[in-house]
Amino acid sequence: MKFLVLISQVPDTTARIAFTNDNTQYDGNGVTWIVNPYDEWYALVRALELKEANGGSVTTITVGGADCDATIRKALAIGADDAVRVDAQPTDAYGVAAQVAAYAKDKGFDVVIAGKETIDHNGSQVAGMVAELLDLPYVPLASKLDMAGNTATVERDVPGGVEVVEVNAPFVISAAKGMAEQRIPNMRGIMAARTKPLTVVPAAPVETLSSTVKFELPPAKQAVKMIPADQAGQLIELLHTEAKVI
Amino acid sequence: MSVVVFIDTRGDKLPKAAQEALTYGKHIAAKLGGGVTAVTFGDGANLEGLGAFGATKVVVAKGVKTIESQQLTKLVADTATTEKAQVIVCVHDGTGKAVAPRVAARLKAGHVAGAIGLPNMDGGFQVKRNVFSGKAQAWVSITSPVKVISMMANSIPIESNGSPATVSDFGGDLGAARVTVKEVRKSGGGINLPEAEIVVSAGRGMKGPEFWAPVEELAKELGAATACSRPVADMHWRPHHEHVGQTGVAIRPNCYIAIGISGAIQHLAGVNQSKVIAVINKDPEAPFFKAADYGIIGDAAEVLPQLIAAAKKLNAER
Ligand SMILES: Cc1cc2nc3c(=O)[nH]c(=O)nc-3n(C[C@H](O)[C@H](O)[C@H](O)COP(=O)(O)OP(=O)(O)OC[C@H]3O[C@@H](n4cnc5c(N)ncnc54)[C@H](O)[C@@H]3O)c2cc1C
């Protein structure tokens, strides 16, 4: 099985969220960048587990500038065999997906796997778009992935429950919680990652369909109204009569 | 200049988010000077009734029973092309996430996922959406002729004063299913968390799964969905689909009641768009109080029975 794992770089979950250039750009100053948790904990680790069990290879792909390389090396330290970076600065999910699809279309990957969303853009878009551009079946929001030969059995979250589905490779899948457990890279992995191949490929021509024009921060909260613990029932009354939300 | 709204109408009840999506589509169509065509699949009953929420036409593919993204993408994209749709509206849920990005890529349409309000169409086409798991919002400008919007639940008040829609079958060929459903496990009859208007959520402060009965009872009295913090789901005290936060479900109910949750930044990320937040925690220094509208410093075991009693009293009065 040849796996292609989509790896995105995102600000650490505790990073300060602030904007520059008249609120048109995320302020990455002093921010620690990490592998998007869904890409790392679930997509990458499950691909590695399946490769370890059945053989094959795990390649990662990232769309972005050279500032992503340290994050890509982390994915290599966890165990990916090699990495590809498409040197582009996309303005939306389609821009990312089109680059991934342009690279992957003639490489014969059996499984293309991404986290279910990134924790900065929260779009849940890229994997589905890649599937469409490659004309492949797509199973989003998968919490379990098993392979027997060419056939995958997948559990996925759907409105109101969980479905068990079957799909034959090649296919595209997005990974949600439950698919695997986080792996901490060890020293050997980190050393090995330094010399694993990280291939930079030029951007394909891709049209711009949308772009973010302005960011806003939510308005600051009013001061909290405290209710004594021995009169806790008042909370229900206040939520009903004052806040009018119950 | 029409609007196509793709919704999941399977099951006995039309999901709230589907009603919202139709209302959302109706407002856009009014601006464009066109009508709303609802697109759906399976054997949902009373499709004429979608007219109440704004659909003038309904196109249904009865032969598709499951969320097969390629078949549904063709259904939505072909209908949008036939209807000369300028805007396609989906719900940002498990069904919409399977279909909307594919439709967008197929039609080379800009796609805004997780919209939290109607687009601003004065001079351009800009949609507001959540980013950084709700820690911020972004205005996204779509520049392609066709636009796809996936709407977050609880983003628009439902309007249901329209007249019945005309229903027709989708006649075209959708190809064979490449993803086949083997088994379906329903997750209880409870209220669907992303759509819930009231959410009662509890954390590690509850000490163990055996102490969840009062949390569930309070939720039942309030007509609320239940949720939990990440460690609670990780320790299997509660099911994964209840986990809210940056790496769980992001929600925006009218009322979020948090019990025994410290209010870590990753938890707040998924819930801080709730209209009103009430926090119960025994530690006066718990960071959650800074994000709260109402707070009670106290032990869950003592506070919860009082809340349940007050909720019962309120229910008896109304
Ligand atoms: C990358 C990353 C992603 C994460 N994503 C998420 C996420 O999506 N969602 C999420 O929730 N967390 C997430 N976390 C974890 C987060 O950092 C916190 O660890 C977690 O939210 C804490 O859960 P908690 O508040 O239930 O538990 P604790 O932090 O242990 O807090 C328990 C609280 O209960 C109070 N308490 C104890 N006993 C009582 C009592 N008897 N009565 C009343 N109050 C009591 C305590 O004072 C305390 O404030 C993430 C962490 C990381 C690193």
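Tutor: Start with chain B and its contacts. Take the pairs of touching residues that sit at least 6 apart in sequence; 65% of these contacts join residues at least 24 apart. Keep in mind that this is a predicted model.

Next, the secondary structure. Chain B has 15 strands and seven helices.

Now its overall form. Along the principal axes, the C-alpha trace of chain B spans about 60 × 45 × 40 Å. A compact globule of 318 residues would have a radius of gyration near 20 Å, and chain B has 21 Å, so the two agree.

The chain exposes about 12,100 Å², and 53% of that comes from carbon and sulfur atoms. Charges come next. Chain B carries 34 positive and 28 negative charges, and their mean positions lie 6 Å apart.

Chain B has a partner, chain A. The contact between them involves 89 residues of chain B and 78 residues of chain A. For chains A and B, the buried area is about 7,000 Å². Carbon and sulfur atoms give 57% of it. On the chain A side, Glu132(A), Lys177(A) and Lys221(A) lose the most area to chain B. Together they make up 10% of what that side buries.

Look at the partner itself. Chain A has six helices and 15 strands. Its C-alpha atoms fill a box of roughly 65 × 45 × 40 Å along the principal axes. Of its 246 residues, 55% count as buried. Among chain A contacts with a separation of 6 or more, 70% come from residues 24 or more positions apart. Chain A exposes about 10,200 Å², with 51% supplied by carbon and sulfur atoms. It holds 21 positive and 30 negative charges, with mean positions 5 Å apart.

Finish with one residue of chain A. Gln99(A) sits in helix H3, which covers residues 93-104. Its relative accessibility is 5%, and buried means under 20%, so Gln99(A) counts as buried. What does Gln99(A) touch, leaving out residues up to four places away in sequence? The list is Val63(A), Val86(A), Ala88(A), Ala203(A), Ala204(A) and Val206(A).

Technical notes
Residues are numbered from 1 along each chain as its sequence is written. Chains are lettered from A and ligands numbered from 1 in the order in which they are written. This is a predicted model: local features need pLDDT of at least 70, side-chain atom pairs count only at pLDDT 80 or more; totals for chains, interfaces and linings use all residues. Side-chain values use heavy atoms; hydrogens and water are left out. Helices (H or I, at least four residues) and strands (E, at least two) are DSSP runs, numbered from the N terminus. The radius of gyration is taken over C-alpha atoms; the globule rule is 2.2 Å times the number of residues to the power 0.38. Contact means heavy atoms within 4.5 Å. Accessible areas come from the Shrake-Rupley method with a 1.4 Å probe; for residues, only the protein chains shown count as cover. Lys and Arg count as positive and Asp and Glu as negative; His and the chain ends are not counted. The place of a charge is taken as NZ of Lys, CZ of Arg, CG of Asp or CD of Glu. Buried means under 20% relative accessible area, exposed over 50%, partly exposed in between (1.4 Å probe, protein chains only). Buried area is the accessible area (1.4 Å probe) that two parts lose on being put together, summed over both.
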